[in-house]
Amino acid sequence: MINNIWILIGKKLNGEASPEELLELEQLLQQQGDTVMYPMDELEEIWKNDQQIAEDEKLLSKWAAFDAELDAVEEKEAEEAAQVIAVQTKKKKARIIKLGSLLAAACLMLGVFWFTRKETMVPGKSNEITAPKNGISKIQLPDGSRVWLNMGSKLTYNNDFGTEQRKVSLVGEAFFDVVKDPQHPFVVTTTTISIRVLGTKFNVRSYNNDKTSEAALIRGKIELTVLKNPEKKIILNPSEKITVINNQELQLKSNTPTYKIAEETPLIALSRIHQAKKDTLPSEALWLENKLAFDAEDFENIAQKMERRYNVNIVFENEDVKKLRFTGKFEKESINKALLSLQKTAAFRYKIDTNQIVIY
């Protein structure tokens with residue numbers, strides 16, 4: 001009987017037990033009474049913790065593989081760039097010799113004087129990088145940290161970057177791979193949140209027109225502050241994600257009842273990042289592979305992502321349709337095919353007129 005209990009417990013924890021087997025397990029546990037080895041809730045807790053550790057290890061392994069791919073791409077780019085420079089240098093050397101001969105002759109004839117002007121750095125001057133609307137930009141900051149900017153996103157930093165702190169401002173979405181430097185904390189500020197790190201990898205999404213901002217941590221630790229409540233510091237651990245409402249006051253003024261906002265979209269929500277077994281990256285970072293991924297997101301949020309990806313304008317004529325929730329991802333689908341796919345799981349209609357899409 002004991003062996004049968006363990007088999008049934010194993011099936012229950014794996015989510016494989018049928019209703020009949022769950023009933024049989026409950027009856028067997030009741031028959032055992034106080035002689036049962038461990039309380040069921042403790043076993044479930046141990047099981048969940050083990051599962052989470054295993055998932056975190058798999059995630060780190062996938063990131064390591066992704067890092068290796070990025071390094072390989074960078075090495076190839078560096079080799080190709082070095083070959084181009086070598087060719088250019090050879091051509092340039094020939095041009096310099098030719099130009100030098102001509103200038104020497106001209107100086108001898110005309111008595112020309114040369115001036116050297118030294119460029120000076122202007123303190124406080126901003127450097128601004130904007131990703132194209134249909135592409136991803138990769139940047140290497142002065143400290144060696146790497147940043148990937150999603151379509152249309154903008155990153156800004158001053159010339160005093162790294163003097164005391166490494167401060168950058170972000171509008172849009174970016175993935176950061178920050179070089180460790182405890183003496184010079186790395187700070188990312190958006191219109192809603194501020195994130196302080198020493199050295200880690202994380203994704204930040206904070207578009208001005210989106211309802212929410214989001215930070216997802218892959219490795220290390222980050223300290224997040226909501227700008228409207230700077231006294232409160234939130235520490236994120238690996239595989240955790242925080243979502244913050246961008247403008248709660250605006251939403252409270254809308255027609256949505258207050259109790260619904262509190263119930264459906266809390267001001268700050270902590271959750272775990274989502275990783276499908278077949279995906280190489282969490283859904284929060286799949287845009288690095290040019291994929292549009294969404295995990296139990298409402299249609300309104302997904303529509304904003306589709307607007308940026310497909311360069312279209314989407315309007316809802318039905319408030320209830322905005323609240324439909326979907327999980328999935330698109331890779332090479334057209335906007336029409338993507339909407340048809342969503343239509344298979346929920347009742348809504350749409351019409352497309354060039355770049356204008358109406359959903360009802």
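Biologist: Which strands does helix α8 lie across?
Modeller: In this predicted model, helix α8 (residues 335–343) lies across β17 and β18, at about 175 degrees to β17. Helices (H or I, at least four residues) and strands (E, at least two) are DSSP runs numbered from the N terminus. Angles run from 0 to 180 degrees between N-to-C directions of axes fitted to C-alpha atoms, for helices over the stretch in contact (heavy atoms within 4.5 Å). Helix α6 (residues 299–310) lies across β15 and β18, running at about 160 degrees to β15.

Biologist: What is the strand order in that open sheet?
Modeller: Strands of a sheet pair through backbone hydrogen bonds, either parallel or antiparallel. Here the order of the 3 strands is β15-β18-β17, with mixed pairing; to pair, two strands need at least two DSSP bridges between them. β15 (313–316) and β17 (350–353) stand at the edges with a single partner strand each, so one side of each has no neighbour in the sheet. On average, neighbouring strands are turned by 15 degrees against each other, direction ignored.

Biologist: In which sense do β17 and β18 pair?
Modeller: Antiparallel, over 4 bridges, with β18 spanning residues 356–359. K351 has V358 in β18 as its bridge partner.

Biologist: And which residues of α2 are buried?
Modeller: Buried means under 20% relative accessible area and exposed over 50% (1.4 Å probe, protein chains only). In α2, E21, L25, L28 and Q32 are buried. They cover an arc of only 65 degrees around the axis, taken from the directions to the C-beta atoms, which puts them on the same side of α2. The face turned away from that side carries the exposed P19, E20, Q30 and Q31.

Biologist: What are the ground rules for the numbers?
Modeller: Residues count from 1 along each chain as its sequence is written, and side-chain values use heavy atoms, without hydrogens and water. Local features need pLDDT of at least 70 and side-chain atom pairs pLDDT 80 or more, while totals for chains, interfaces and linings use all residues.
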